[in-house]
Amino acid sequence: SGYTPMLARVTTAGALAGTVAIPGNPSIVALTRGPDGDVWFTQDNPAGVGHVNTAGQVMQILTPFAATDQLAGLATGPDGNVWVIDDGPAGGQSPRIARVAPGGGVSWLTVRGPAGRLSSIARGSDGNMWFTSESAVERVTPSGYFEPHTAVGGGRITTGPDGNLWFTEASGVGTFSPSQPCRVPRLLGLSTSQATSLIDATFCTSAPASGGRSLEVVRQSPAPGAVVPDATRVSFTLGAPS
């Protein structure tokens, strides 16, 4: 209250090269370079997404966000949209990711599972988007398929010059490669839902199951324990219980 929020432009030599006032007196949360070359930002009070072009013109996208949504990090995705962390009005009780097109269209992906409050998002060197929740680093593909990953993180995340993902925790900094091998789990004797859930918890992906009416997996490919490239599709055949 009582101040005008601004974005400041600073040269590589460290000199202030001008400021741009942001209308509506919001709080600016995070910045990124957008697919159109503009500087994109998230804001609170009211919640929304905006971008500033090189001429200093400000465009704000406040609808369809709720005024009380809690927006956090944002990053340009491989699909040409800006991906935005949106914790919703409940602050982590209904986390989702908004995909904002340069023209202003907004669509949402609902985060699966008990993710809790989300914090930051980045594009990985593997072409997927990676984000941090309260206690995990997770991956979401351009098609919207979520994959749980390491039980670490909770802070900010970015792609480093080595192609690895770097993230902050409460008392440290961590790094890992976004392209881990797929270690094929043992699915034999599991139901369809159990097998799919187990695959989802790995760096593998699930191929459609084959077979007739069945209660469990009787065959799978690749074999259990095989180490194959990231995102390898694991298929399985269903049959009568052994």
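**Strands, a disulfide and a pocket**

T158 stands opposite W166, a residue of strand β16. The structure is a predicted model, in which local features need pLDDT of at least 70 and side-chain atom pairs count only at pLDDT 80 or more, while totals for chains, interfaces and linings use all residues. Residues are numbered from 1 along each chain as its sequence is written, and side-chain values use heavy atoms, with hydrogens and water left out.

Strands (E, at least two residues) and helices (H or I, at least four) are DSSP runs numbered from the N terminus; two strands pair if DSSP finds at least two bridges between them. Strand β16 covers residues 165–169 and pairs with β15 in the antiparallel sense over three bridges. Both belong to an open, antiparallel sheet of three strands in the order β15-β16-β17. Because β15 (157–159) and β17 (172–176) stand at the edges with a single partner strand each, one side of each is left without a neighbour in the sheet. Neighbouring strands of this sheet are turned by 25° against each other on average, direction ignored; the axes behind such angles are lines fitted to C-alpha atoms.

A further antiparallel pair is formed by β12 (residues 129–132) and β13, over four bridges. A hairpin of four residues joins β12 to β13, and W130 has R139 in β13 as its bridge partner. In a regular strand the side chains alternate between the two faces of the sheet. In β13 (residues 137–140), V137 and R139 point one way and E138 and V140 the other way, and all are buried, that is, under 20% relative accessible area with a 1.4 Å probe, protein chains only.

The whole structure holds one disulfide, a pair of cysteine sulfur atoms within 2.5 Å. The disulfide joins C182 to C204, with an S to S distance of 1.9 Å. C182 lies in strand β18 (residues 182–183) and C204 in the loop between α1 (192–200) and β19 (205–206), so the pair ties together parts that are 22 residues apart in sequence. The torsion about the S-S bond is about 95°, and the disulfide is therefore right-handed. C182 is buried, at a relative accessible area of 0%, and C204 is buried with a value of 0%.

Finally, the largest pocket holds about 300 Å³ of space. On a 1 Å grid over the protein atoms alone, a pocket is an open set of points where a 1.4 Å probe fits, with protein on both sides within 12 Å along at least five of seven lines; lining residues have an atom within 4 Å of a point. Its lining has 15 residues, of which A8, R9, V39, V52 and N53 lie nearest the centre.

Key: Axes fitted to C-alpha atoms, helices over the stretch in contact; angles between N-to-C directions. Buried < 20%, exposed > 50% of the residue type's maximum accessible area, 1.4 Å probe, protein only. Points joined across faces, edges and corners; volume = space filled by probe spheres on them.
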